[in-house]
Amino acid sequence: MTELVDTLLTSEPHVAAAFIQRGEIVGFPTETVYGLAADIFSQEAIRKVFLAKGRPADNPLIAHVASSGQIDQLVTDIPVHAKVLIDSFFPGPLTLVMRKRAEVPLIASGGLDTIGVRMPGLALARTFIAACGVPLVAPSANLSGSPSPTTWQAVVADLSGRIACILQGPPAQIGLESTVVDCTGDEPVILRAGGVTLEQLRAVCPDTRRLEHPADARPRSPGLKYRHYAPRAKVMIVSHGAEPEPGVASAWIGLHRPASRTWHPEQQCADVADYAHELFGFFRACDAAGAQVICCEAVAETGLGVALMDRITRAARG
Ligand code: TXA
Ligand code: MG
């Protein structure tokens, strides 16, 4: 059990950065989901991140940078295909796994000799990182196992009293985490689907591929083996047109609302991007409303639909 601390809420990046410089940890906004930041070179601060989240220690963290100069502080070299991806998608919802420098502590990389690096698309996030003066490790700012937070209010709900400060920003524009791409081999391999799609990656690196057997991900992306993104309610995947079984206190989210019954809560999304944007907040709203079953309408697994179905499927596995 962590000791309770006062959690300062601020919208001023320099105020939040001062906490990082004192070795504290800070919840902060990005365009994907809110993160929980620590100085990457402070093992003490990183330990606080694992403790506050209740996160397993072998699950590596992503390093967040504000500039390309900070990338060079973290990795031994930038492979050619990584350079292409950096030029095309940084800043943005993409994490590139590369060989780490010895200066990056093993606690940051979960014991691996690689480190995931990302430059957030949200300008406020980059201002905050730049003010800290060091790259920041940051997992999503939720308690381990619960849905990633897409608003500062969700960070308060999970981590108030457990972290020193929360930098308040806008709701996450994308709502799903970054795409994680392994750049240590001959071609880029997607370890986790996310905000940048396979189609977008292939447009600039045609040999990009998805991980063939997700079980292979065990050593390569240890986070994939843990329970993720799940609300307390049971999640059921339903196809468009199929009538879900009547259940007690059922909620529904998707693109085409079945009119046959009422749902509490319910959310009809305009398109796949809107669905991605709303999903994690909806899971939290369902738990608050005491829903026991959440029906999630399946979408086609192309574009952002791949990441969306990945998160829904994991939540359904619970
Ligand atoms: O959008 C995001 O990526 C958010 C925001 C805060 O930036 N962060 C995030 O972090 O989702 P987290 O810790 O919840 O998820 C990190 C994922 C895990 O699946 C982890 O296993 C994988 O990235 N990962 C991190 N470093 C890795 C590495 N060196 N090799 C393989 N996988 C890695
Ligand atoms: Mg997470």
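This is a predicted model: local features need pLDDT of at least 70, side-chain atom pairs count only at pLDDT 80 or more; totals for chains, interfaces and linings use all residues.
Trainee: Is Ser-140 buried or exposed?

Mentor: Burial is read from relative accessible area: buried is under 20%, exposed is over 50%, and partly exposed is in between, with a 1.4 Å probe and protein chains only. Ser-140 has a relative accessible area of 18%, so it is buried.

Trainee: Which residues is Ser-140 in contact with, leaving aside its neighbours within four places in sequence?

Mentor: A contact needs heavy atoms within 4.5 Å. With those neighbours set aside, Ser-140 is in contact with Val-33, Tyr-34, Gly-35, Leu-36, Lys-53, Ser-148 and Pro-149. As for Gly-35, its C-alpha atom is separated from that of Ser-140 by 4.3 Å, although the two residues are 105 residues apart along the chain.

Trainee: Which residues of helix α2 are buried?

Mentor: In α2, which spans residues 43-53, the buried residues are Ala-45, Ile-46, Val-49, Phe-50, Ala-52 and Lys-53. These buried residues pack against β3 (35-39), β7 (136-137) and α6 (152-159). Just after α2 comes Gly-54, which takes a positive phi of about 70°.

Trainee: How do I read helix packing, and at what angle do α1 and α5 pack?

Mentor: Axes are lines fitted to C-alpha atoms, for helices over the stretch in contact, and the angle between N-to-C directions runs from 0 to 180 degrees. Helix α1 (residues 13-21) and helix α5 (residues 123-132) pack at about 45°, their axes lying 8 Å apart. That angle makes α1 oblique to α5, given that under 35 degrees counts as roughly parallel, over 145 as roughly antiparallel, 65 to 115 as roughly perpendicular and the rest as oblique. Their crossing is right-handed; the rule is that the near helix is turned clockwise from the far one, whereas a left-handed crossing has it turned anticlockwise by less than a right angle. The contact draws on Pro-13, His-14, Ala-16, Ala-17, Ile-20 and Gln-21 of α1, together with Leu-124, Thr-127, Phe-128, Ala-131 and Cys-132 of α5. By class, those residues divide into eight nonpolar, three polar and no charged, where Ala, Val, Leu, Ile, Met, Phe, Trp, Tyr, Cys and Pro count as nonpolar, Asp, Glu, Lys and Arg as charged, and the others, Gly among them, as polar.

Trainee: At what angle do α9 and helix α10 pack?

Mentor: Helix α10 (residues 305-317) and α9 pack at about 25°, with axes 9 Å apart. That makes α9 roughly parallel to α10, and α9 passes α10 in a left-handed crossing. On the α9 side, Val-272, Tyr-275, Ala-276, Leu-279, Phe-280 and Phe-283 meet Gly-305, Leu-308, Arg-311, Ile-312 and Ala-315 in α10. This contact of α9 with α10 has nine nonpolar, one polar and one charged residues.

Trainee: How many aromatic pairs does the count come to?

Mentor: A pair of aromatic rings is described by the distance of the centres and the angle of the planes. Rings of Phe, Tyr and Trp (its six-membered ring) pair if their centres lie within 6.5 Å; planes under 30 degrees apart count as stacked, over 60 as edge-to-face and the rest as tilted. By this rule the count comes to two aromatic pairs. One of them joins Phe-28 and Phe-128 in a tilted arrangement, 5.3 Å centre to centre with 40° between the planes. This pair links distant parts of the chain, since Phe-28 belongs to strand β2 (residues 26-28) and Phe-128 to helix α5, 100 residues apart. Phe-28 counts as buried at 0% relative accessibility, and Phe-128 is buried, also with a relative accessible area of 0%. Phe-280 and Phe-283 have ring centres 6.5 Å apart and planes at 50°, so this pair is tilted. Phe-280 and Phe-283 are three residues apart in helix α9 (residues 272-289), and therefore separated by about one helical turn.

Trainee: Which residues does a cis peptide bond join in the case where omega is about -15°?

Mentor: That cis bond joins His-264 and Pro-265, and Pro-265 lies in the loop between β13 and β14 (266-268). The peptide bond from Phe-90 to Pro-91 is cis, with omega near -10°, and Pro-91 is found in the loop between α4 (80-89) and β5 (94-99).

Conventions. Residues are numbered from 1 along each chain as its sequence is written. Chains are lettered from A and ligands numbered from 1 in the order in which they are written. Side-chain values use heavy atoms; hydrogens and water are left out. Helices (H or I, at least four residues) and strands (E, at least two) are DSSP runs, numbered from the N terminus.
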